[in-house]
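Please consult the sequence and the structure shown below while reading.

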Amino acid sequence: MFWRNLNAHVRRHLGLAERSVVIAAPFIKVSALKRLLEAVAPAVSLSVYTRWRVDEVAAGVSDLQILDILEARPLTELGLCDELHAKLFLVDGTRALVGSANVTAAALGTSSKPNLELLQAVDMEAATAALFLADLKARSRTATREEADLVLRLAADLKIHLPPDLGSPSDAQLDDPTASDLSAGWFPEFRSPDRLYGLARDTEWLVRSAPSEAALRDLLALDVDVGGGDAAFEARVREKLRGSPMVQQLEDFLSEPRRFGAVTEWLKRLLPDANHAQRQAACQTLIRWLIYFDPERYEVGTPGAYSEVLSLKR
């Protein structure tokens, strides 16, 4: 764990990169970023993620001119994530420094009045790191010159009205104690739940997957640890499912066994914009998830020549 000379520690860490570097920080200043990038070899791909909030730019905690630096560097991308709070310096997909430090002189200890910050060296599991990066990329948009110019104009106008002693925005503003563990609006999309763990462990698939991929969207919504093997993964998914508002509502509906058509009709309340065929497909997907991840709780039967019947095991 480091809390002194963070700039030197981060530079040394980034200098070890052979393939890729990812830097994520809500606040990035030009001078601090320049010092760090001096340690990164030109042939190493670089991804930088930050956020451009008008009030923060007006307060001076972030520089939009980092776009100039990064556009001039090959193999580089700059993403903007409005919800970003993480501070991460990731090398070659597995070795990371994580902690409290933004990419500013005060945070990295090169100013006359440095902050007291922490960074911890972490060996990240490749699949976990790739899943985090997929989530970060899905939440981000590419920084453009047009957005930079707009934010600068709005920040200049806002700065006129700010008190001169305005400090950095409080981290407390980012916390939402009412956020649910699994969104009430989430519904499983991937039709092959038996393949979900394999995809979660496939770092190449995670890197190349588009944000619209059904399996990726489900993995990000579930937010479960992919370490520990498939049995542990399935147990975590099962726990998440049982605690989700969607499944809790379904279990109320399953006070008695329900035919496939009845469950499809019931899904209107969860999928109001879907047509009948889409609800049928969603019903099939939901049943597959419940039977695969929670076979001790749910069962499907086909009495006589009628359609499938979903029921809770008693």
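Glu299 has Ser311, a residue of β10, as its bridge partner. The model in which this pair is found is a predicted one. Strands β9 and β10 (residues 309-312) are joined by four bridges in the antiparallel sense. They belong to an open sheet of three strands, ordered β8-β10-β9, with antiparallel pairing. Because β8 (258-259) and β9 (298-301) each have a single partner strand, they stand at the edges, and one side of each is left without a neighbour in the sheet.

Helix α14 (residues 276-293) lies across β9 and β10, and its direction makes an angle of about 125° with β9.

## The seven-stranded sheet

A further open sheet contains seven strands in the order β6-β5-β4-β1-β2-β3-β7, and its pairing is mixed. Strands β6 and β7 (141-142) are at the edges, each pairing on one side only. In general, the strands of a sheet pair through backbone hydrogen bonds, in either a parallel or an antiparallel manner. Strand β5 (residues 95-99) pairs with β6 in the antiparallel sense over five bridges, and Arg95 stands opposite Asp123 in β6.

## A nonpolar surface patch

Which residues form a nonpolar patch on the surface? They are Met1, Trp3, Leu116 and Leu118, with about 480 Å² of accessible area together. Leu116 is located in the loop between α5 (105-108) and β6 (119-123). Leu116 counts as exposed because its relative accessible area is 74%, and the cut-off for exposed is over 50%.

How values were computed:
Residues numbered from 1 in each chain as written. Predicted model: local features only at pLDDT ≥ 70, side-chain atom pairs only at ≥ 80, totals over all residues. Heavy atoms only, no water. Patch = residues over 30% accessible without salt bridge, like charges linked within 9 Å, V, L, I, M, F, W, Y side chains within 5 Å. Areas by Shrake-Rupley, 256 points an atom, 1.4 Å probe, with all protein chains shown as cover. Salt bridge = Lys/Arg side-chain N within 4 Å of Asp/Glu carboxyl O. Helix = DSSP H or I, 4+ residues; strand = E, 2+ residues; numbered from the N terminus. Buried < 20%, exposed > 50% of the residue type's maximum accessible area, 1.4 Å probe, protein only. Pairing = 2+ DSSP bridges. Contact = heavy atoms within 4.5 Å. Axes fitted to C-alpha atoms, helices over the stretch in contact; angles between N-to-C directions.
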